[in-house]
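Hello,

Here is the structure I said I would pass on. My notes follow it.

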Amino acid sequence: MLEEIRVRQSIRKYTDQPIEEEKIIALLKAAMRAPTAQNRQEWRFLVVQDRESLDNIATFSPYTGMMKQAQAAIIVLGDREVTPTDAYIYVDCAAAIQNILLEGVHLGLGTCWCAIGPNEERIEAFKNYFKFPNTHLPVAVIAVGYPNETKQWIDRFDENKITYWKK
Ligand SMILES: Cc1cc2nc3c(=O)[nH]c(=O)nc-3n(C[C@H](O)[C@H](O)[C@H](O)COP(=O)(O)O)c2cc1C
């Protein structure tokens, strides 16, 4: 198994160390290596780095409190004008998000995937604040920072969840 896949965990506590611009670019390059349905590449990325906006994101959902410590947030959106089926937007953006999380591990960064859609209240809160167009569906916001916590690693491999089809 790739070491980045093996050790990745959601990290919700971060140090004050700012994130180098080239690392942000590396995360976005990783995101855009993800596969998309019909190769439409409808993902869009809004990078947030100012303290005030990060603190505001912490209030847009009961589960984004870690943004108060995060040094950056990447909002992942799908352009409905490019991909009209939301189900594809969600899976395409999810693949890009996972690439960001794994590249984050590679770069020594801690990340946490926080859902926005399909919760309508959260979608509205993000739309109102960041003023993106109605055509853009916000799928998730990823908190990014240098880790300030170590967590117990638990092996989740479970043979009971696997069936080998035999005809
Ligand atoms: C679709 C999705 C939405 C999530 N939303 C949140 C969230 O809003 N806040 C949060 O702290 N973690 C969120 N997480 C992270 C999960 O809680 C986390 O992945 C799960 O507990 C497993 O822990 P691990 O990532 O450390 O393996 C989300 C994960 C996914 C895949």
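**Salt bridges and the ligand site**

Arg6 has a relative accessible area of 34%, so Arg6 is partly exposed. Please keep in mind that this is a predicted model.

Arg6 makes a salt bridge with Glu3, with 2.8 Å between the closest N and O atoms. Both residues belong to helix α1 (residues 3-7) and sit three residues apart, about one turn of the helix. Glu3 is partly exposed as well, at 42% relative accessibility.

The count of salt bridges comes to five. Another of them joins Lys127 to Glu124, at 3.7 Å between the closest N and O atoms. These two are three residues apart in helix α5 (residues 120-130), so about one helical turn separates them. Lys127 counts as buried at 14% relative accessibility, while Glu124 is partly exposed at 36%.

Arg44 and Asp79 also meet in a salt bridge, 3.8 Å from N to O. This pair links distant parts of the chain, with Arg44 in strand β1 (residues 43-48) and Asp79 in strand β2 (residues 72-79), 35 residues apart. Asp79 is buried, at 8% relative accessibility, whereas Arg44 is partly exposed at 30%.

Now the ligand. The residues surrounding it include Arg8, Arg12, Tyr63, Trp113 and Arg156. By class, this shell has six nonpolar, two polar and four charged residues. A polar side-chain atom of Arg12 lies 2.7 Å from a ligand oxygen atom; for Arg8 the distance from such an atom to a ligand oxygen is 2.9 Å, and for Arg156 it is 2.9 Å. The protein covers 62% of the 620 Å² of accessible area that the ligand has on its own.

Regards

Note on methods:
Residues are numbered from 1 along each chain as its sequence is written. This is a predicted model: local features need pLDDT of at least 70, side-chain atom pairs count only at pLDDT 80 or more; totals for chains, interfaces and linings use all residues. Side-chain values use heavy atoms; hydrogens and water are left out. A residue is near a molecule or strand if one of its heavy atoms lies within 4 Å of it. A polar contact is a pair of N or O atoms within 3.5 Å; within protein, one must be able to donate a hydrogen and the other to accept it, and residues adjacent in sequence count only if both atoms are side-chain atoms. Accessible areas come from the Shrake-Rupley method with a 1.4 Å probe; for residues, only the protein chains shown count as cover. Ala, Val, Leu, Ile, Met, Phe, Trp, Tyr, Cys and Pro count as nonpolar, Asp, Glu, Lys and Arg as charged, and the others, Gly among them, as polar. A salt bridge is a side-chain nitrogen of Lys or Arg within 4 Å of a carboxyl oxygen of Asp or Glu. Helices (H or I, at least four residues) and strands (E, at least two) are DSSP runs, numbered from the N terminus. Buried means under 20% relative accessible area, exposed over 50%, partly exposed in between (1.4 Å probe, protein chains only).
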